[in-house]
Structure formats: structure tokens, C-alpha cells
Amino acid sequence: MTVYDITFYLFALITLGSAFFVVTIRNIVYSAFFLLFTLFGITGLYVLLSADFIAIVQLVVYVGGILVLLLFGVMLTHKITNVQIKSGTLQIIPSAIAVIVLAFALIKIFLSTNWKTFQLTAQNSSVQGLGVLLVNQYSVVFELLGILLLIALIGAASMARR
Amino acid sequence: MINITLYHYLIVSSVLFCLGIFGVITRKNAIMVLMGIELILNAANINFVAFARYGNFGNSGQLAALFVIILAAAEAAIAMAIVLNIYKTFTNINIDEIDTLKD
Amino acid sequence: MTESVLIKLALLILFLPLIGFIVTLLFGKRIKWLYWFENSILILAFLLSAVLAYFKLTHFTDQTLISEFEWINLGSIPFVKSIIIDLGIMLDNITVLMILTVNIVSLLVHIFSVGYMKGDKRYNRYFSYLGIFTFSMLGIVLTHNLLMMYVFWELVGLSSYLLIGFWYEKKTASDAAKKAFIVNRIGDIGMFLGILTLFLTYNTFSFDKIFYQISTGNLPFGTEFGLTVAGVLLFCGAIGKSAQFPLHVWLPDAMEGPTPVSALIHAATMVAAGVYFMIRVFPILSGDALLVIATIGALSAFIPATIAVTQNDIKKVLAYSTISQLGYMIMAIGVGAYTFAFFHLVTHAFFKAGLFLGSGSVIHSMHHEQDMTKMGGLRKKMPLTYITFLVASLALSGIPFTSGFLSKDGILAGTFAFGSLTGYWYFAAVGFIVAFLTAFYMFRAIIMTFHGKPKNKEKFEHAKESSFVMAMPLVVLSALSLFFWYSLNPFNPNEGKLLSSWIKTPEISVPQSARYEFMKTDDKIINKENLEEVTYSNSYTEAIHHAHYPTLFTSASLALLGILFAFIFYQWKVFDPNKFAEKLKPIYLLSFNKWYFDEIYYASFVAGTIGLSKIISMFDNKFIDGIVNGSALFTKNFSAFTGKFDNVVVDGLVNMMAYISGMFGLFFRRFQTGKVQTYILFVVFSLIILLYIFR
């Protein structure tokens with residue numbers, strides 16, 4: 001067990017454990033906070049995979065943007081005086097069975113596949129490489145995503161106003 | 001010697017994926033469903049980055065993850081707008097009660 | 001100025017009018033002044049084409065600039081060689097001169113229209129149509145392959161249709177538009193078949209590649225007859241577009257459109273596209289095909305000229321004279337006088353546009369009166385229009401010191417030389433007779449319109465000289481009808497740059513055995529520098545040279561004779577034309593009724609179609625209906641029997657099935673909860689099952 005391994009297990013535990021609470025706990029606000037921990041754990045995994053830029057983006061966009069947006073949604077769609085900000089559940093048992101079976105099936109498939117992997121080498125920061133790719137090979141995709149974000153922005157604003 | 005291989009990451013991501021599916025299927029509240037979707041997207045992202053790291057694909061895999069994050073942001077914004085509209089129409093956001101499509 | 005700059009310039013000139021069309025069409029309803037945008041675009045296009053023509057003619061005199069790109073590569077198909085369709089443009093001297101001509105006439109017509117169409121409710125729409133016409137005409141001129149030629153060919157047909165029917169509220173106008181379109185289609189089918197014949201043989205649409213293949217001896221269907229068929233089929237397109245006999249009937253009706261449109265499309269440019277097309281494909285026309293072309297051209301020159309003598313509508317006279325002059329050009333191609341055909345195309349474009357615009361000016365000031373018998377005496381009211389009209393008429397009649405004299409004389413010399421070399425003298429005879437008739441009917445029109453006493457006092461009082469925008473184009477066009485633009489020697493066109501160094505007969509690709517005798521290449525002179533001599537043996541050039549002065553005097557004196565006759569009949573009234581007509585009643589009626597072409601076509605084709613439909617409908621009523629009725633009776637009895645069977649047995653079965661389906665439905669309905677999450681759960685289950693199956 002190296003430090004790397006310990007760190008990986010730690011982050012995997014944080015991720016999966018809090019993800020479990022996200023989907024099981026009844027209080028929506030708590031659930032959202034556990035989602036925060038899940039995202040944080042995933043950020044850690046990214047760092048372990050030496051994807052530094054993605055990790056930062058994950059923090060900024062998910063934690064700073066999407067999570068706050070979800071919390072706002074919770075606040076806007078429940079009366080403040082209503083303490084019971086809770087979500088009901090349905091079809092628990094068949095879902096649990098289905099999901100567990102699916103999980104085992106997926107894991108079995110992943111493990112039984114002989115992935116062609118390479119020896120890991122130390123990697124520098126990927127920011128420069130990403131930047132170069134973004135404006136050369138993927139410039140069209142980049143532009144299109146920009147347009148998509150703009151359209152989503154306009155669409156969301158106009159839909160929410162109605 | 002690092003003992004963590006690609007398989008570890010794949011197991012984490014598949015478990016996370018299934019948890020996300022579970023969330024999407026079981027929760028009544030639309031916002032909770034959205035959280036489940038975020039988990040699914042993150043599971044996919046972990047796969048992207050892990051394959052990129054172990055498969056020696058350079059930075060393209062990370063770029064795909066980046067694009068997924070951007071799409072997730074757009075999706076979240078649109079979904080929240082839809083949720084707010086649903087709230088205005090039905091005064092709640094429990095999707096099991098929103099089944100007017102059935103009739 | 002390099003070659004690529006010239007190519008880009010040509011493309012710019014091509015697409016400018018398209019921009020004008022799109023902008024004017026889209027925003028013309030809101031923005032009233034937008035027609036000035038279209039006009040300024042045309043001014044720009046004209047200036048650019050002048051620059052283009054100058055540099056092409058001075059710096060790249062003997063080069064053909066081609067710019068092409070691969071549009072479709074169909075790869076190689078079994079039994080066929082690889083098919084590659086190229087698009088591209090070609091710039092040679094004829095192209096740039098044609099671009100310049102089209103742009104000059106188009107610009108002047110635009111300017112004229114500003115005055116002529118004033119107050120029309122679809123003013124901007126009109127200018128946008130002119131824009132698309134200019135674009136497609138330039139496309140025809142610039143293209144280097146048959147496919148684009150065909151596309152633009154149809155586009156000019158479309159814009160012609162739109163502009164003839166511009167005042168579509170008038171029934172005659174919309175009918176004329178339909179007639180023009182349908183008659184053109186008949187010719188275009190032939191042209192399309194011709195193009196396909198060439199394409200199937202050579203797997204390419206490009207002129208230069210087809211020419212090269214033919215010159216290596218690879219013929220359509222492997223025979224010289226195949227080449228002749230291809231040439232005649234291509235000529236069908238020109239018959240339709242250039243309103244040649246027997247498809248000439250649409251052009252006089254097309255005069256229902258606005259007069260500037262008649263000037264631009266139905267006199268100067270579009271109808272000349274057929275001639276231009278023949279000029280382009282001249283190298284592949286075999287001797288037999290050329291003879292067919294010359295015959296059609298001669299007929300089209302002669303018949304409309306006789307019709308024009310008796311028409312009273314000023315625009316109809318000009319329309320028939322247009323057909324007649326186009327017949328001249330086609331005939332010139334047919335007898336091998338290639339350079340003079342193009343020369344006459346250019347000169348005719350200017351003076352005929354001038355004549356039409358002049359008649360437009362008259363019609364405008366007479367409040368849309370076109371009947372010449374109600375005009376007269378307008379010379380004093382409209383002196384400028386009169387003088388310009390007179391100059392253009394002199395050019396059309398072929399009076400010395402005009403451009404028409406130079407070009408018409410060249411064509412007549414060509415027919416004369418052709419007659420002396422092959423013995424087919426009747427082309428020359430037709431040429432001279434038509435020259436006489438042309439002068440006669442043009443001056444008949446002038447005298448009836450501008451001389452004598454006014455016949456309609458009220459309209460005469462209101463008539464006045466046109467405004468500047470309408471007068472300016474007239475002056476420019478009549479100036480362009482004078483000789484010195486083309487050749488400084490008013491009696492010999494060959495001394496001008498145009499014919500001496502710019503336009504040359506191209507190298508003919510047709511095999512030696514399929515050519516006219518005199519077009520065969522003489523081995524002794526094949527190495528000389530001069531292309532003219534490589535193509536034709538000396539005999540034709542010499543024959544034209546010898547024919548030059550005799551034809552010059554004959555044609556000029558015949559034209560003067562025609563003018564004299566016009567004055568005798570209509571100005572001085574030595575003979576009463578009406579009594580004269582009475583004496584020659586059959587001939588007069590034949591001419592006045594346009595040789596009954598419309599009636600013949602109506603009786604044969606239109607009525608034939610209707611009669612055939614009637615017979616078929618009779619067959620339908622009697623025979624097919626009988627079968628149907630008989631079988632219906634049988635069916636009725638049979639169904640009475642089966643009805644019983646149905647009610648008892650089948651309905652019972654069906655009801656049982658329905659009951660079972662209903663049960664199934666009730667069961668499966670439970671799964672359709674309308675809740676998304678249930679569906680997702682089903683999806684997950686299905687996924688698991690799929691994973692199990694495909695594990």
C-alpha cells in the first residue's frame with residue numbers, strides 16, 4: 001500500500017459513501033450537501049489521475065455552479081416555512097434489485113475485459129495541452145459548445161420568465 | 001509501486017453510475033432526480049479521464065470530460081427552468097404526480 | 001493583373017447581380033429606395049467588366065483562362081470509366097466581350113426602367129427579377145461546361161417567364177409567360193438529350209475535354225452520324241431559346257412583358273444565348289449539322305421578316321425583326337461565318353436594345369398605346385427619341401456608316417462565299433431578300449410612328465419627350481450603333497481590332513471526313529501560326545474576301561431600295577398600301593396572320609392533344625366502365641352472399657379477437673403509468689436482460 005493507494009481508497013470511499021446518502025436520504029437539503037462531498041471526492045479522483053485542469057473545472061462548475069443552482073431550485077420550489085423539505089420515494093424494492101444486478105453486471109463486464117493499458121508515467125500539468133487541443137483540433141466543437149451554452153442561457157431565461 | 005489499476009476506477013465509476021440510476025428511479029422530487037443525473041454524468045466522466053490516463057490517449061479524453069461538464073451545466077440550467085415552470089403549473093415538483101401524458 | 005485576378009474578377013461580376021437579386025427580393029417590400037442598390041450594383045458590375053475586358057483583350061489576347069474544381073467524383077462505375085463532374089468558368093475573348101455587352105445593355109435597361117416603371121406597385125420586385133436575369137445570363141456566358149450551361153439556361157428561362165408575366169393580372173401576359181416557358185421546354189428537352197449523348201460518350205461536361213476527345217476521333221456512338229445527331233440535338237436548345245423556326249411563336253407573345261424587359265431579354269441578350277451556345281459548341285458541329293442549322297436559320301430569317309411587313313403593333317414588328325436577325329446569326333454559324341455571327345450578335349444587341357427602348361419611350365409617352373396606326377407625327381414631340389430610333393433603324397437596315405452594316409455585310413459575304421464554294425446559293429438569296437424586307441418594314445414603322453399627321457389627337461397632345469433617365473440610355477445605345485466602335489474603316493469590318501485580332505474561328509474538332517469540303521484542313525498550311533488558316537483552307541477566306549465588295553454594294557443598295565419603297569408607300573403615298581394589300585390579298589393575309597403558325601400549332605398539337613384525350617376518355621367511358629360495371633354487378637351479388645357469412649362467422653371471430661386484445665390491453669395498461677421513472681426502471685431491466693443475452 002502506497003500513499004497513492006490509500007488516497008485513492010479514501011476518495012473512492014468519500015465519493016461512493018456520500019453518493020449513497022445522496023440517493024437515499026429523505027431531506028433534500030442534506031442530500032444536496034452530500035452531493036457536494038461526492039463531487040469533492042470525484043475531484044480527488046481526477047487529481048489522482050493527474051487531470052488537474054478537469055479537477056479545477058469540476059470544483060468551479062459543479063460545486064460553484066450546478067450545486068448552487070440545485071439548492072436555489074430547492075429553495076424556490078418549497079415554501080420557506082415548510083420545514084419538511086423532504087422527498088418521497090417510490091418503487092424502492094424493484095429498483096434496488098435492478099440496480100444491484102446492473103452494478104454486478106457492469107463490474108463483471110469491466111473486469112472480464114482485457115483493457116490495453118500502458119505503464120503510468122509522471123505527467124506534467126495538462127492545461128497547456130488542453131488549451132492547444134481546444135483551439136486547434138477541437139476548435140469547431142469549442143465554438144459550437146459556446147453557442148450551445150448561449151442558447152441554453154437564453155432558453156432557460158425565457159422559460160423561467162414565463 | 002502503485003497498486004491502483006484502471007479496474008479500480010472502473011469499479012468506482014460503475015457503482016457511482018448505478019447509484020445515480022437508483023436516485024433517478026426512486027426519488028419523487030424532480031430536483032433529486034437531477035442530482036441522480038449529475039451522478040451518472042460524473043461516473044461517465046471518471047471513465048473518460050481514467051481511460052485517458054491509462055490508455056495513453058493524450059489529453060483528448062480529458063477534453064471530452066470537459067465537454068461533458070459544459071453540457072451538464074447547460075442541462076442543469078434548462079432543467080431548473082423546466083422545474084420552475086412545472087412548479088408554477090402544478091404547485092409541486094413531484095414527478096409521480098405529473099402524469100398528464102397518460103390521459 | 002495576373003490570371004487568377006482576372007478569374008476572381010469574373011466571379012465577382014457573376015455574383016454581384018445575385019447579391020442584388022437576393023437583397024432586393026428580401027427587403028424590397030419594406031425599403032422603397034432599394035432599387036438604387038440594384039442599379040448601383042449593375043454600375044459596379046459594368047465598370048468591373050470593362051476592366052476585365054480591357055485586361056483580357058490587351059494582356060491575354062490569345063489565351064483561354066480556365067478555372068475549374070472537382071464538384072462530384074462518382075469514382076469508377078463498372079463498364080464506365082471514372083465519372084468526374086467539374087464546375088468552372090472559362091474566360092476567352094468572346095466571353096469577356098459578351099460579358100461587357102450583357103452588362104452594358106443590362107445597366108442601360110436598368111436605368112431606363114427607373115423612369116419607365118415609375119409608379120408600378122411591384123417596383124422593387126421588378127428590379128430584383130432583372131438582377132436574377134443578369135446573373136443567369138452571365139452564368140451562361142462564363143461557364144466552361146454543358147451542365148452549368150444547362151442550369152443557367154433554365155434560369156434565364158425562369159427569369160424570362162417571371163418578367164413576361166410581370167403584369168400577371170393581365171390574362172394575356174400570364175398566358176404569354178406560360179407559352180414562352182412551354183415552348184422553350186420543347187427545345188430544352190432536345191438540348192438535354194444532346195448533353196446526355198455527349199456525357200454518356202465522354203463522361204464529362206467540360207467543353208475543352210469533349211472537344212479534345214472528339215478531335216482524337218472518339219465519336220458519340222462511334223459514327224459521324226452520332227456526332228451530327230448530338231449537334232442537332234444541342235441546336236434544339238438554341239431553336240427554343242433564340243426563337244428559331246419552328247419554335248419562334250413565343251417571342252412575339254412575350255412582348256406582353258414590360259418594354260425594357262423586351263429590350264434586355266427578348267432582343268439583346270437572352271434570345272442571343274442560343275447563338276452564343278452555338279458559337280461555344282461550334283468546334284463539334286459536323287458539316288451535316290451545320291447545314292441543318294443554316295437551313296433553320298434561313299427559314300427563321302425569311303418568314304418573320306415577311307410577317308413584320310404587315311404588323312401594326314410596334315413591339316410586334318420589332319419582335320419579328322429580332323427573330324429574323326437571330327436567324328441571320330444562326331445562318332451565319334451554319335455557313336461557317338463564325339466571327340461574323342458573334343459580331344452581329346454584339347451589334348444587334350446594341351441597336352435592337354436601342355430600338356426597343358425607343359419604342360418603350362414612345363409607348364410610355366402615348367400612355368401604353370402600341371398600335372402604330374394610332375400614332376404618327378411624334379417626330380416633333382419627341383425629337384431625341386426620333387433621332388436615336390432612326391440611327392438604330394439605319395443600323396438594323398444595314399446602311400453604311402453603322403455597325404449593322406459592318407456585321408450584316410460580313411454575314412452576307414459569308415453566305416455568298418458559301419454559295420460559291422458549295423453551290424447552295426439560296427442562303428445568299430434569302431440573306432439579300434431579308435435585307436431588303438428589313439429596311440422596308442423598319443422605315444414603315446418609323447414613318448407610321450414619327451412622320452405624317454397624328455391620328456389620335458388627344459394622346460398626341462399629351463405626348464412629350466421622355467425624362468433624362470429614359471433618354472440617356474437611348475443616346476448611348478444609338479451611339480454604340482455607329483461604325484467607329486468596331487472598325488475605323490466604315491466599309492471593312494476586318495480592319496477593326498474586334499475581328500482582326502480578338503475573335504478568331506476556333507480549331508474544329510470534327511473529323512476531316514465529316515466537315516464541309518472547304519473547312520478541311522489543308523496539310524500544307526497546318527503549321528502556320530495563324531489559327532484562321534489552320535481551321536479553314538484558304539479557299540473560304542479568299543471567297544469571303546472576293547464576295548466582300550459585291551455583297552457590300554448589293555446589300556446597301558437593297559436596303560436603300562427598301563427605304564425608298566417604304567417612303568413611296570407610306571410617306572408620299574404614291575401607291576395606297578391598303579389597295580396594294582387588297583390586290584395581293586392571299587399573301588397579305590398570310591403575312592398579317594403570321595403564316596397561321598399559332599393556328600396550325602393550335603389545330604395540330606393543342607387540338608391533337610385534346611382530341612386524343614377525348615378518344616381516350618371515350619374508351620374509358622365505354623370499355624373500361626363496362627368492365628367495371630359488369631364486375632360491380634358480379635361483386636354485388638357475391639357480396640350479398642358473403643355478407644351473411646361475415647355477420648355470423650367472421651364477426652364472431654373478430655369479436656372474440658377484440659375481446660382477447662381488450663384483456664391484454666387491460667393487463668399491459670398497468671405498465672403505462674405515465675411516470676418517467678417506471679419507464680426508466682423498465683429500461684434498466686431490459687438492459688440487464690440484454691447484458692445477460694450478449695454476455
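This is a predicted model: local features need pLDDT of at least 70, side-chain atom pairs count only at pLDDT 80 or more; totals for chains, interfaces and linings use all residues.
**Chain B**

- Chain B has a mean pLDDT of 86, with 94% of its residues at 70 or more; pLDDT is the predictor's confidence in each residue, from 0 to 100.
- Its secondary structure consists of 3 helices and 0 strands, in the order α-α-α from the N terminus, helices (H or I, at least four residues) and strands (E, at least two) being DSSP runs numbered from the N terminus.
- Among these elements of chain B, helix H1 (residues 6-26) has the highest mean pLDDT (92) and helix H3 (residues 60-90) the lowest (88).
- Of the 103 residues of chain B, 60% count as buried, a class defined as under 20% relative accessible area, with exposed over 50% and partly exposed in between (1.4 Å probe, protein chains only).
- Among contacts in chain B (heavy atoms within 4.5 Å) with a separation of 6 or more, 59% join residues 24 or more positions apart.

**Chain A with chain B**

- The contact involves 85 residues of chain A and 69 residues of chain B.
- About 7,200 Å² is buried between chain A and chain B, 76% of it from carbon and sulfur atoms; buried area is the accessible area (1.4 Å probe) that two parts lose on being put together, summed over both.
- Between chain A and chain B there are 0 salt bridges, a salt bridge being a side-chain nitrogen of Lys or Arg within 4 Å of a carboxyl oxygen of Asp or Glu, but 13 residue pairs are in polar contact, both at pLDDT 80 or more.
- On the side of chain A that touches chain B, helices supplying at least two residues each include H1 (3-24) and H6 (139-161) of chain A, while the largest share, 13 residues, comes from H3(A).
- That side of chain A divides into 56 nonpolar, 23 polar and 6 charged residues, where Ala, Val, Leu, Ile, Met, Phe, Trp, Tyr, Cys and Pro count as nonpolar, Asp, Glu, Lys and Arg as charged, and the others, Gly among them, as polar.

**Chain C with chain B**

- Here 8 residues of chain C are in contact with 12 residues of chain B, and the area buried between the two chains is about 790 Å², with 66% given by carbon and sulfur atoms.
- C:Gly674, C:Lys675 and C:Gln677 supply 57% of the area that chain C buries against chain B, more than any other three residues.
- The count of salt bridges between chain C and chain B is 0.

**Two residues of chain C**

- C:Thr322, in helix H13 (residues 314-334) of chain C, counts as buried because its relative accessibility is 0%.
- C:Val23, in helix H1 (residues 3-27) of chain C, counts as partly exposed because its relative accessibility is 22%.

How values were computed: Residues are numbered from 1 along each chain as its sequence is written. Chains are lettered from A and ligands numbered from 1 in the order in which they are written. Side-chain values use heavy atoms; hydrogens and water are left out. A polar contact is a pair of N or O atoms within 3.5 Å; within protein, one must be able to donate a hydrogen and the other to accept it, and residues adjacent in sequence count only if both atoms are side-chain atoms.
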